[in-house]
Amino acid sequence: MTDNRFFNRSELIGILVLAVFLVVVLPLTLDVFRLNLVAKYLTYAFVALGLVICWGYGGILSLGQGVFFGLGGYCMAMFLKLEASSVENTKIQSTPGIPDFMDWNQITALPFFWKPFNSLTFTIAAIILVPGIFAWIIGTAMFKRRVGGTYFAIITQAVAAIMTILIVGQQGYTGGINGMTDLRTLKGWDIRPDHAKIVLYFFEVGCLFVCIMIAQFVRHSKLGRILVAMREKEDRVRFSGYSVANFKIFAFCIAAMFAAIGGAMFALNVGFMSPSFVGIVPSIEMVIYTAVGGRLSILGAIYGTLLVSFAKTSLSETFPELWLFGLGGLFIAVVLAFPNGLAGIWGDYVQPRIDRLIASRKSKPDGWTDSSVADGAPAE
Amino acid sequence: MSDEANKGLLSPLRRKLLMGMAAVPALTMLPRASFAQAPATSAVNTTGLAVTDTEVTVGILHSATGTMAISETGSIEAEKLAIEQINAMGGVLGRKIKFIQEDGASDWPTFAEKAKKLLVNDKVAAIMGCWTSASRKAVLPVMEQYNGMLYYPTFYEGLEQSKNVIYTGQEATQQILAGLNWIAKEKGAKTFFFIGSDYIWPRTSNKIARKHVENVLKGKVVGEEYYALGSTQFNSVINKIKLTKPDVIFTDVVGGSNVAFYKQLKAAGIDLAKQPLLTISVTEDEIDGIGGENIAGAYACMKYFQSLDNANNKAFVPAFKKAWGEKTVIGDVTQAAYLGPWLWKLTVEKAGSFDVDKIAAASPGVEFKGAPEGYVRIHENHHLWSKTRVGRAKLDGQFELIYETADLVEPDPFPKGYQ
């Protein structure tokens, strides 16, 4: 792979199939309630996408992606909460005009760090930059000291735990364990009715494809090659004169920003943000999505997220008391039988047959059998 | 709505609706149709709820899995028992109650999602559900947006009132003030030490308790400490208690933390027979985990104890045990959850309709004389008038009733002077 194109032919087909699936098939077959659930699942797909770059390609396992998901989500939720807490809506409180949970906690004025969130422009910038800068700080502190592998995973997990404790503890400023509920409008546009849900769904899918493009670009650029090289033999890359730390920081920051966009989408689509998406358990769940989908496949991660989330919802609807066992069984089965996840199944079993089928029809051998399979990245 | 999307959800319902409609002409041929007296569905259901000529569907939404399952299981059992009993008596407006149970999984957004599913997909006529304040806060906007009716069983912090919720537990002032008055009078208590779990309910409850202690009882709060949910290390606060020697320890620690707290209290040599402790968060359910020997002597302040000696309760406790096993215990919230389906039935019959708007309007004034706690009535603010009681924990894990208010206490979710 010497060129810097965004994708080769089979990847292009895969992306088009996904686009048709998300933009045409799902909206036509699902009612608004189910479509909104898909929108919720897709917010995790952003995180999974980031993990493909950071974990699948860079080999950096982060068990703290929930932190960035949460930061993005809270930034969005703060903006929405402020808009929902107009003096008129909150006149029942001791101090009207501030979010309800502040009033319960005897805070009488809006804290300084909340004030900029009155501006949508600032909020959008903060959604990307706050988690990005935070990831950069963690990354710099860790990777420059050559902390990696398991130690890094443990530290990210600790960060997730600390973040939860901080949010729960500072409930006057964050809403505590209840989180921020009852988000209503975005610049006066009601985000709750059905037609708004549909618009938000398509907006989210659009953002997801932008992120997929960025991920594809990273993967096909020289940068992506260095990430893979680092994962396989870090010392060799270092001795070749590359600054390994900087590349790792970059991958980690990208993953953090993707997660943050997902978090912001979550707040918009679900109308809710709470510390239950920030801690250790959701962070590990996000890694599981990626593992089930296939950590080396950009599209696999998205299908994996959709599949696991869907299984979660339908199992819990059908077996309210037993569903967790079913879900646990699914994870164990996938990890034991198919270590490369869904994408592995596709790459090992399905794609070769399709290739053979195409090859048998065409007389000349195919020029595009891609090298990405060689670096362990079966495309969809 | 496509068939594929609702596979297994709407289609059985639709089938039943069709079957119901098909049965209409046949009805005229049946001389003794049991539901012939029931009012026509079109008259009692004008908003498209899941009501047929023979059935009405409600939702049960609690955590069957996760950390809250241990507390919420009792509520699920109580609600199912109430529904069964109502059906045995002929149902509501001639219709049997059918329930759809969903699992909130101790996860607040899941609660919101499932509530939405129950209202939008299943069109349930009412939802019995939620336990923690956080889950209620998550569900509330959904109830208001889709105009559902929630019967919420837990004692909670107040500062809330909604057309779409009936609060069958006590709000904070109802639960706390009478207990504080009693202990101040009975034990001559002047100094109080507050310990709570760190979230909205203990914080708000303690705020109310502090105002009452300082402004009304003219006492003093000598310490106020909070611990994260699930904490198990209470040694430092126990040392502070030993130093400050409060007349009363006032606690609202919730869930599993209680086990550690009372064991450590006992290990530190604080004898609850001599050191008064008033809790608003320990019911019979929690004592099951704490162990009667670790908490015997502590006072609890709420509206219901399993040991209450009245005719309703003497029928309720054996019925509950028969349905769910001899060893089950019944706490305050379990009893409040049992009230939900009954209050809903009585309200529907008063309104003569399943429509949510009519139920919301008819709720104030509805009284339930068969309540295990004695008698309750719905206030205009959708909370319940109820008595407040103080019980003393015994070795066998039951409470012995020590004191109860003479009259029903008025619910006051937005208490003046306590905010």
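Visitor: How are the residues and chains labelled, and which parts of the model are used?

Guide: Residues are numbered from 1 along each chain as its sequence is written, while chains are lettered from A and ligands numbered from 1 in the order in which they are written. As the model is predicted, local features need pLDDT of at least 70 and side-chain atom pairs count only at pLDDT 80 or more, whereas totals for chains, interfaces and linings use all residues.

Visitor: What makes up chain A, and why is it called as compact as a globular protein of its length?

Guide: Chain A has 15 helices and two strands; helices (H or I, at least four residues) and strands (E, at least two) are DSSP runs, numbered from the N terminus. The radius of gyration is taken over C-alpha atoms, and the globule rule is 2.2 Å times the number of residues to the power 0.38. For the 380 residues of chain A the rule gives 21 Å, and the radius of gyration is 22 Å, close to that value, so chain A is as compact as a globular protein of that length. Its C-alpha atoms fill a box of roughly 80 × 50 × 40 Å along the principal axes.

Visitor: What makes chain B as compact as a globular protein of its length?

Guide: Chain B contains 14 helices and 15 strands. Its radius of gyration is 23 Å, close to the 22 Å from the globule rule for 419 residues, so the conclusion for chain B is that it is as compact as a globular protein of that length. The box filled by the C-alpha atoms of chain B is roughly 80 × 45 × 45 Å.

Visitor: Why is A:Leu49 called buried?

Guide: A residue is buried if 20 or more other C-beta atoms, placed from the backbone, lie within 10 Å of its own, exposed if 12 or fewer, and partly exposed in between. A:Leu49, in helix H2 of chain A, has 28 other C-beta atoms within 10 Å and is therefore buried. In chain A, 46% of the 380 residues count as buried; in chain B, buried residues make up 53% of 419.

Visitor: Which residues have the most contacts inside the largest nonpolar core?

Guide: They are A:Ala48 and A:Leu49, in a core of 227 residues. A nonpolar core is a set of buried Ala, Val, Leu, Ile, Met, Phe, Trp, Tyr and Cys residues joined through C-beta atoms within 7 Å. The largest share of this core, 20 residues, comes from H11(A). Two residues are in contact if their C-beta atoms, placed from the backbone, lie within 7 Å. Leaving aside neighbours within four places in sequence, the contacts of A:Leu49 include A:Cys211, A:Phe258 and A:Ile302, and those of A:Ala48 include A:Met286, A:Tyr289 and A:Ile302.

Visitor: Why are H2(A) and H11(A) called roughly antiparallel?

Guide: Axes are lines fitted to C-alpha atoms, for helices over the stretch in contact, and angles run from 0 to 180 degrees between N-to-C directions. Angles under 35 degrees count as roughly parallel, over 145 as roughly antiparallel, 65 to 115 as roughly perpendicular and the rest as oblique. Helix H2 (residues 32–57) and helix H11 (residues 244–270) of chain A pack at about 175°, with their axes 7 Å apart; H2(A) and H11(A) are therefore roughly antiparallel. Their contact has 19 nonpolar, five polar and one charged residues, where Ala, Val, Leu, Ile, Met, Phe, Trp, Tyr, Cys and Pro count as nonpolar, Asp, Glu, Lys and Arg as charged, and the others, Gly among them, as polar.

Visitor: What is the angle between H12(A) and H15(A), and how is it classed?

Guide: Helix H12 (residues 280–293) and helix H15 (residues 341–361) of chain A pack at about 5°, with axes 3 Å apart, and that makes H12(A) roughly parallel to H15(A).

Visitor: How many residues of chain B are in contact with chain A?

Guide: There are 33 of them, in contact with 30 residues of chain A. The largest share of that side of chain B, seven residues, comes from H4(B).
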